[in-house]
Amino acid sequence: MWNVIFKHVRRKRVRRRKPRRTSVKSRTHFLEYKERARALVLGRIEHVNALYKFSYGTVVIRNTVSRWGSCSSKHNLNFNYKIVLLPTHLADYIIVHELCHLGQFNHSAKFWALVALADPDYVAHRAELKKIHSGTLLK
Ligand SMILES: [Zn+2]
């Protein structure tokens with residue numbers, strides 16, 4: 001199982017290397033959904049963090065092309081606005097994932113153990129999200 005997960009992590013890193021510019025059409029879509037995404041993300045962070053009690057900085061909703069979320073070394077959390085278009089369990093997985101980077105700034109076994117506390121089905125959720133990622137939602 002860990003082998004499968006680490007393979008996925010490696011692929012993801014490669015894909016994340018080059019940020020691409022976004023189009024005007026994509027910008028309009030972003031402005032339309034940004035506030036809805038912010039409300040969803042802030043609400044779910046508060047809910048999930050009742051379990052972890054991590055401290056975090058700013059939460060920013062971005063129009064990124066190739067990633068769902070990220071956590072900076074300054075403990076700021078960033079999310080793709082399209083998180084609002086996902087089924088709830090997948091949006092929650094992304095939020096739990098980034099939140100857990102506040103506890104473990106890596107993808108170690110300790111990190112995944114943290115993720116499992118709030119999302120015991122995270123392996124299935126990752127796989128499901130990966131299919132959507134390579135589909136139309138993030139293009
Ligand atoms: Zn991660």
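Reply: Begin with how far apart in sequence the contacting residues are. Among contacts in the protein chain between residues at least 6 apart in sequence, 60% join residues at least 24 apart. Keep in mind that this is a predicted model.

Me: How many helices and strands are there in the protein chain, and what pattern does the chain follow along the sequence?

Reply: The protein chain has 5 helices and 3 strands. Along the sequence the pattern reads α-α-β-β-β-α-α-α.

Me: What percentage of the residues is buried?

Reply: Of the 139 residues in the protein chain, 24% are buried. A residue gets that label if 20 or more other C-beta atoms lie within 10 Å of its own.

Me: Which residues have the most contacts inside the largest nonpolar core?

Reply: That core has 22 residues, and those with the most contacts inside it are Ala37, Val41, Phe79, Ile83, Ile94, Ile95 and Val96. Two or more residues each come from α2 (24-52), β3 (77-80), α3 (88-100), α4 (109-118) and α5 (122-133). The largest share, 7 residues, is given by α3.

Me: Take one of them. What does Ala37 touch, leaving out residues up to four places away in sequence?

Reply: With those left out, Ala37 touches Ile61, Phe79, Tyr81, Ile83 and Val84.

Me: Next, helix packing. What describes two packed helices?

Reply: Two values do: the angle between their axes and the distance between the axes. Take α2 and α3, whose axes come within 10 Å and cross at roughly 55°. An angle of 35 to 65 degrees falls between the roughly parallel and roughly perpendicular classes, so α2 and α3 are oblique to each other. The crossing in which α2 passes α3 is right-handed.

Me: Which residues make the contact between α2 and α3?

Reply: From α2 come Leu40, Val41, Arg44, Ile45, Val48, Asn49 and Tyr52, and from α3 come Ala91, Asp92, Ile95, Val96 and Leu99. Sorted by class, the contact has 9 nonpolar, 1 polar and 2 charged residues.

Me: At what angle do α3 and α4 pack, and how far apart are their axes?

Reply: The angle is about 140°, and the axes of α3 and α4 are 9 Å apart. Roughly antiparallel requires an angle over 145 degrees, so α3 and α4 are oblique to each other. Here too the crossing is named: α3 passes α4 in a right-handed one. On the α3 side the contact is made by Val96, His97 and Cys100, and on the α4 side by Phe111, Leu114, Val115 and Ala118. By class, this contact of α3 with α4 has 6 nonpolar, 1 polar and no charged residues.

Me: Where is His75 found, and what is its phi?

Reply: His75 is in the loop between β2 (69-71) and β3. Its phi is positive, about 70°, although His75 is not a glycine. His75 has 14 C-beta neighbours inside 10 Å and therefore counts as partly exposed.

Key
Residues are numbered from 1 along each chain as its sequence is written. This is a predicted model: local features need pLDDT of at least 70, side-chain atom pairs count only at pLDDT 80 or more; totals for chains, interfaces and linings use all residues. A nonpolar core is a set of buried Ala, Val, Leu, Ile, Met, Phe, Trp, Tyr and Cys residues joined through C-beta atoms within 7 Å. A residue is buried if 20 or more other C-beta atoms lie within 10 Å of its own, exposed if 12 or fewer, and partly exposed in between; C-beta atoms are placed from the backbone. Helices (H or I, at least four residues) and strands (E, at least two) are DSSP runs, numbered from the N terminus. Two residues are in contact if their C-beta atoms, placed from the backbone, lie within 7 Å. Axes are lines fitted to C-alpha atoms, for helices over the stretch in contact, and angles run from 0 to 180 degrees between N-to-C directions. Angles under 35 degrees count as roughly parallel, over 145 as roughly antiparallel, 65 to 115 as roughly perpendicular and the rest as oblique. A crossing is left-handed if the near helix is turned anticlockwise from the far one by less than a right angle, and right-handed if clockwise. Ala, Val, Leu, Ile, Met, Phe, Trp, Tyr, Cys and Pro count as nonpolar, Asp, Glu, Lys and Arg as charged, and the others, Gly among them, as polar.
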